[in-house]
Amino acid sequence: MTASRIMAAVRSGTWLTHERIIGYSIILLAYEGIAFLYFVALANGLIDATLAASGTDFTSFYAAGRLAQEGTPALAYDQAAHHAMERIIVGGPTAYNFFYYPPVFLLLCSLLAKLPYAAALVLFEATTLAAFLWVGRRILADRKPIVVLALLAFPPVWYNALLGQNAFLTASLFGMGFLLLDRRPILAGIVLGAICYKPHYGLLLPVAFIASRNAKAFIAAAGSVAALVALSLLQFGWVTWAAYFKAAAGSHVSYESGAVDMVSVATPFGASLVLGLPSSQAYIVQGVVTACVVAWVGLVWHRRDTSLALRIASLLAAIPLTVPIFQYYDLAILVFAFAWLAQAPYTRGIMPFERTAIACLYVASILTYATNATPRFLVAPIIAAGAFLITVARVRFERSLASLPEIGDQHETGAMLPRGLSAGPHVAAETPLR
């Protein structure tokens, strides 16, 4: 194959056939599965005091739940008491896992704490992973094995499962809410309101609702948040919320002091700290980026000439850039952004290099965990920024061609990326790949 043909395939994405997607996914899954089993084998009852094995972050959730079960939910926000409970769960010394979630999340943690630790961890990860896969298949409107393979092989999925984190739950709520948004906006708002357990991740939702003039979804989401807050107040009392507000107000110290490793944080703030900027300047960088991203999302959702799928992809890809803290395992949400990009109509051709760029980001995300050894290699922020820039370029590409005649929707479902390649003014016509 000549260099020109290779470049043409990279530009058009024709090299990414169904067979290659399946093959590459299987290779990734094999590697990730072996690594997962290795770390699980190192753990003692799915807990590891050295934070080298599995379920380590879940100890924070479980300890908070145990404190709530014992009638002292406010102590979940007392670091000494919370750490002491983590040591009891681990059965020895352990590094501290912070708990800065609002009492809304304590509602779930307290239920999980009724089970033995290992059972609670497996139940939480298994059920939220099942929801994650179900929502992903609904987004892509396909039940073929390639969809499950592509969803499962995304490296942040495995990092989340290994650490016992809640990215599956977050992504599932976003995915299900947006699936319902067009047909059942009130139910969509109720589902999306549940993301208040990670309130900073929902920053863009009111922006999108207001910009798109979706009053039903906005009101329903606000009502959902109010109901969950009221339920947590009834269950745990105002004292617990006061303790949360105090802990949240001081949480910046944990990140600025180095108590939390910032190398795998996928945000402008985290990247700025790792690159040596003082925290005051890092906040300025984050603030400027957040303002720009919020303005862009508002513009995209305000314009009716942008498809809903592309608007959703833009919002999901923007989330990591709008908040100071967004961990590498939470990048699992980007697989839904890529899925909605695949669902957006391709009526005027496929954007050059889009499929290749997504594939590169997808595979490169496996390095986000390894960057602990190479702090200057900011993989997570690069992946987050890259995914967002792809959605920006896609919106601009579609609008630049809005005045041109449509060439027929060649889009086909059933893969993380479109199988067919439609002829457009920027992409040479090719035979659809099977």
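Which helices do the buried residues of helix 10 pack against? The model on your screen is predicted.

**Stop 1: the whole chain**

Show the chain as a cartoon. It has 20 helices and zero strands. Of its 434 residues, 56% are buried. Residues 24 or more positions apart account for 74% of them.

**Stop 2: helix 10**

Select helix 10, residues 185-193. Pro185, Ala188, Gly189, Val191, Leu192 and Gly193 are buried here. These buried residues pack against helix 9, helix 11 and helix 12 (215-236). That settles the opening question.

**Stop 3: the nonpolar core**

Move on to Phe174, Phe178 and Leu316. The largest nonpolar core has 132 residues, and these three touch the most other members. Colour helix 9, residues 167-181, as well. Helix 9 gives the most to this core, with eleven residues.

Zoom in on Phe174. Set aside its neighbours within four places in sequence. Phe174 is then in contact with Leu192, Ile195, Tyr201, Leu205, Leu315, Leu316, Ile319 and Ile333. One of these, Leu192, is a buried residue of helix 10.

**Stop 4: the salt bridges**

Side chains of opposite charge can pair when their charged atoms come close. The structure holds four salt bridges.

Start with Asp330 and Lys198. Their side chains meet in a salt bridge, at 3.3 Å from N to O. Asp330 lies in the loop between helix 17 (308-322) and helix 18 (334-343). Lys198 lies in the loop between helix 10 and helix 11 (204-211). The pair therefore ties together parts that are 132 residues apart in sequence. Both Asp330 and Lys198 are buried.

Next, select Arg303 and Asp305. Their side chains form a salt bridge at 2.7 Å, N to O.

Then go to helix 20, residues 379-400. The side chains of Glu398 and Arg394 meet in a salt bridge there, at 3.7 Å, N to O. The two are four residues apart in this helix, so about one helical turn separates them. Both are buried. Glu354, Arg394 and Glu398 are linked in a network of salt bridges.

**Stop 5: Ala380**

Stay in helix 20 and pick Ala380. Why does Ala380 count as buried? Its relative accessibility is 1%, and buried means under 20%.

Now show Val265. Along the chain, Ala380 and Val265 are 115 residues apart, yet their C-alpha atoms are separated by 6.4 Å. Leave out residues up to four places away in sequence. Ala380 touches Ser264, Val265, Ala266, Tyr328, Leu331 and Thr368.

**Stop 6: the largest pocket**

Rolling a probe the size of a water molecule over the atoms shows where empty space is left. About 1100 Å³ of space lies in the largest pocket. To find it, select Tyr255, Val260, Ile325, Gln327 and Tyr329. Of the 40 lining residues, these are the closest to the pocket's centre.

Colour helix 3 (58-69), helix 13 (238-249) and helix 14 (252-256). These are the elements that give two or more residues to the lining. What kinds of residue make up the lining? There are 26 nonpolar, ten polar and four charged residues.

Definitions and conventions. Residues are numbered from 1 along each chain as its sequence is written. This is a predicted model: local features need pLDDT of at least 70, side-chain atom pairs count only at pLDDT 80 or more; totals for chains, interfaces and linings use all residues. Side-chain values use heavy atoms; hydrogens and water are left out. Buried means under 20% relative accessible area, exposed over 50%, partly exposed in between (1.4 Å probe, protein chains only). On a 1 Å grid over the protein atoms alone, a cavity is a set of points where a 1.4 Å probe fits but cannot get out, and a pocket is an open set with protein on both sides within 12 Å along at least five of seven lines; lining residues have an atom within 4 Å of a point. Grid points are joined across faces, edges and corners, and a volume is the space filled by probe spheres set on the points. Ala, Val, Leu, Ile, Met, Phe, Trp, Tyr, Cys and Pro count as nonpolar, Asp, Glu, Lys and Arg as charged, and the others, Gly among them, as polar. A nonpolar core is a set of buried Ala, Val, Leu, Ile, Met, Phe, Trp, Tyr and Cys residues joined through side-chain atoms within 4.5 Å. Contact means heavy atoms within 4.5 Å.
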